[in-house]
Amino acid sequence: MAKRDRLSGNEAVAEALRQINPDVMPAFPITPSTEIPQYFSKYCADGKVDTEFIPVESEHSAMSAAIGAESAGARTVSATSSAGMAYMWEELYLASANRLPLALALVNRALSGPININCDHSDSMGARDAGWIQLYAETNQEAYDNMVQAYRIAEHKDVRLPIMICQDGFITSHAVQNIMLMDDAEVKGFVGEYEPEHSLLKDTMAVGPYSVSNYYMEARRAQMEALRNAKAVVKAVGEEFGELTGRKYGWFEEYCMEDAEVAIVIIGSAAGTAKDAVDRLRKEGKKVGLIKVRMFRPFPGTEIAEALKNVKAVGLMDRTESFNDCCGPLGAEVTAALFRAKKQCEMINWVYGLGGRDVRVEDIEKVFADLYDAVENGTNDTYRYLGVRE
Amino acid sequence: MAYNFKEVMSRPERLAPGHRMCAGCGGTIAVRNVLRGLHEGDKAVIGNATGCLEVSTFTYPYVAYEDSYIHNAFENAGATMAGVEGAYNALRRKGKYNEKEKGQTKFITFGGDGGTYDIGFQSLSGAMERNHDMVYVCYDNGAYMNTGIQRSSATPMFADTTTTPVGTESNGKPQNRKDLATIIAAHDIPYVGQTTFTTNFKDLHTKAEKAIYTPGAAFLNIMAPCPRGWRYNTPDIMEICRLGIETCYWPLFEVIDGKWILNYEPKNKLPIEDWLKKQGRFKHLFQKGNEYLIEAFQKEVDRRWEDLLNKCN
């Protein structure tokens, strides 16, 4: 029986992990993800799970140990944020290249500097080319649901890639929301046992070769194929999860898009605020809509372009700065997808919410006002900052 | 059981021939002989930091190990094996791994001095402090040989390396060598051993076996000469190792549960020149006017030897 509860996002993810009972969890604390290994090590101490918790001396070692554990045939998880993920960088690439379906609970936080503990997406967006599947959450419920679905996606035989379960630091990780929890047995049944085809312990096998030019490119190509396969698996697992819980998941969510003239594309918790702005403007009779991207890697570009085919202007909302002087990562992907789909409309890319900068409903209303202005008058000012003192 | 050289040497090779390490490489000799410490029927997961050993023994699609093997990156061999050992503990606890069918499984990881003393030091320290049931073996050839003989913190004082080249303003590496075995012993782990190649290999074989079968973390530091980096005549490797011991440059010792044990004390401690002069990397020390450098080297060897004797008494 599903159970209603009130949990923070970190509690919700830790709760999902308790229900999953993974084999190994190496982790190192960093704000705002610290609570996840804290809650989890208490589960270990109280015998609620029989996971091997490895309190490593750094995030680099957390991901290194995770790679060792997963290669040995153990279902493995870690958690981190910001600088912790930056310190794992090299290892993120090795986890995906070695085709290891481990999970990382990422609580998004700004990269230093200045040092800042609050939310933006610079950590995971920086790792967007590391070969991981990335799922993002708007709410605590979504963070929990994504965690429950993580291993079904990552361990699928056509995929076998690591997965990053992202949620927004403090905004969802620490704020308490109502949440529906699945029954323990239901989670166990849904996730299933991990039976890797090969492992260091079960077989005699070797992991992590040196590969010269005559093999490297084929390895990369094969890895890309696996990431491509993840797309269908994410959808299928999200649908199956929906049948079980009534909460269906896909690659992205369309909100009031059927007849939208202008729309925004956004990721994470700010989508909730933006939906309020959409509701207000709809009441005023404005045909505005929103696309919330859940899966950023692999990127469902064709489908997003299709969903945007009727809009006259689109606002692309990036919670990170790419330092390329033209667009953020989400802006780049959507613009390219629209171009490939031979779809032309006004496109303005906003950078917002860096280092935990508050995003208010009024801010998003201003975005829509600017988009309407661009429809009417056109604009060359396609890369803007929202809510910044200039 | 008494040490039986013939028996130990007749154990099957676990590092198969056909790998691409240099002829006469000390690293390979270290690996082959450490793995002879494994009992028949037992299985190992072998780890490896990036370095000569890794790129030469697991070049896709060929692998030279008879056991399972994992290379991850340069600086994380300790943490990677900690994860493998963690998986083993978890899977056994959950009844997903039946050791009875497979014999004991042991965890042995190898790193050069670059991956161990320097870039992998934190990862090693963490793995040792957490006391994972594993052996970390450093094959110490005293420089970053894989990238072309750059100095490391294991490089002896005054060695001519490609980042401490001898010149009009330089006598080679200015600093002393880091004493890693002592540092790891200070982690208070069950077993630390320092060894190298002796004529009957008894010291290395017995230490390897102890390290592998001591529950908890164990560390072995093995002086493993590199003919290219040290610039000696390749067949002289055994003589160089002997002189390393007889000059007290590389003493043989163990630290078992905090107790320091000296395994060999030379009857006549030889002057350090005897070890230095065999090696091209110290050639400049024998130029006229540089006698004071050899004196300084000797002083350092003496100081450390005295220190070790004090610890072992």
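A crossing counts as left-handed if the near helix is turned anticlockwise from the far one by less than a right angle, and as right-handed if clockwise. Keep that in mind for the first stop. Note too that this is a predicted model.

**Stop 1: the helix pair.** Select residues 140-154 of chain A, helix α6, and residues 213-245 of chain A, helix α8. Their axes lie 10 Å apart and meet at an angle of about 130°. Angles over 145 degrees would count as roughly antiparallel, and 65 to 115 as roughly perpendicular. The angle therefore makes α6(A) oblique to α8(A). Look at the handedness: α6(A) and α8(A) cross in the right-handed sense.

**Stop 2: the contact.** Show side chains. From α6(A), pick D145(A), V148(A), Q149(A), R152(A) and I153(A). They meet V233(A), V234(A), V237(A), G238(A), E240(A) and F241(A) of α8(A). Colour this contact by class: 6 residues are nonpolar, 2 polar and 3 charged.

**Stop 3: the largest pocket.** The largest pocket holds about 1400 Å³ of space. Its lining has 48 residues, and A97(A), N98(A), R99(A), G208(A) and P209(A) are the closest to its centre. Centre the view on those five.

**Stop 4: the lining.** Which element gives the most to the lining of the largest pocket? Select α8(A) again: it supplies 7 residues. Elements with at least two lining residues each also include α3 (59-71), α4 (82-97), α6 and β9 (206-207) of chain A. Chain B joins in through its α3 (52-57). By class, the lining splits into 25 nonpolar, 10 polar and 13 charged residues.

Conventions:
Residues are numbered from 1 along each chain as its sequence is written. Chains are lettered from A and ligands numbered from 1 in the order in which they are written. This is a predicted model: local features need pLDDT of at least 70, side-chain atom pairs count only at pLDDT 80 or more; totals for chains, interfaces and linings use all residues. Side-chain values use heavy atoms; hydrogens and water are left out. Axes are lines fitted to C-alpha atoms, for helices over the stretch in contact, and angles run from 0 to 180 degrees between N-to-C directions. Helices (H or I, at least four residues) and strands (E, at least two) are DSSP runs, numbered from the N terminus. Angles under 35 degrees count as roughly parallel, over 145 as roughly antiparallel, 65 to 115 as roughly perpendicular and the rest as oblique. Contact means heavy atoms within 4.5 Å. Ala, Val, Leu, Ile, Met, Phe, Trp, Tyr, Cys and Pro count as nonpolar, Asp, Glu, Lys and Arg as charged, and the others, Gly among them, as polar. On a 1 Å grid over the protein atoms alone, a cavity is a set of points where a 1.4 Å probe fits but cannot get out, and a pocket is an open set with protein on both sides within 12 Å along at least five of seven lines; lining residues have an atom within 4 Å of a point. Grid points are joined across faces, edges and corners, and a volume is the space filled by probe spheres set on the points.
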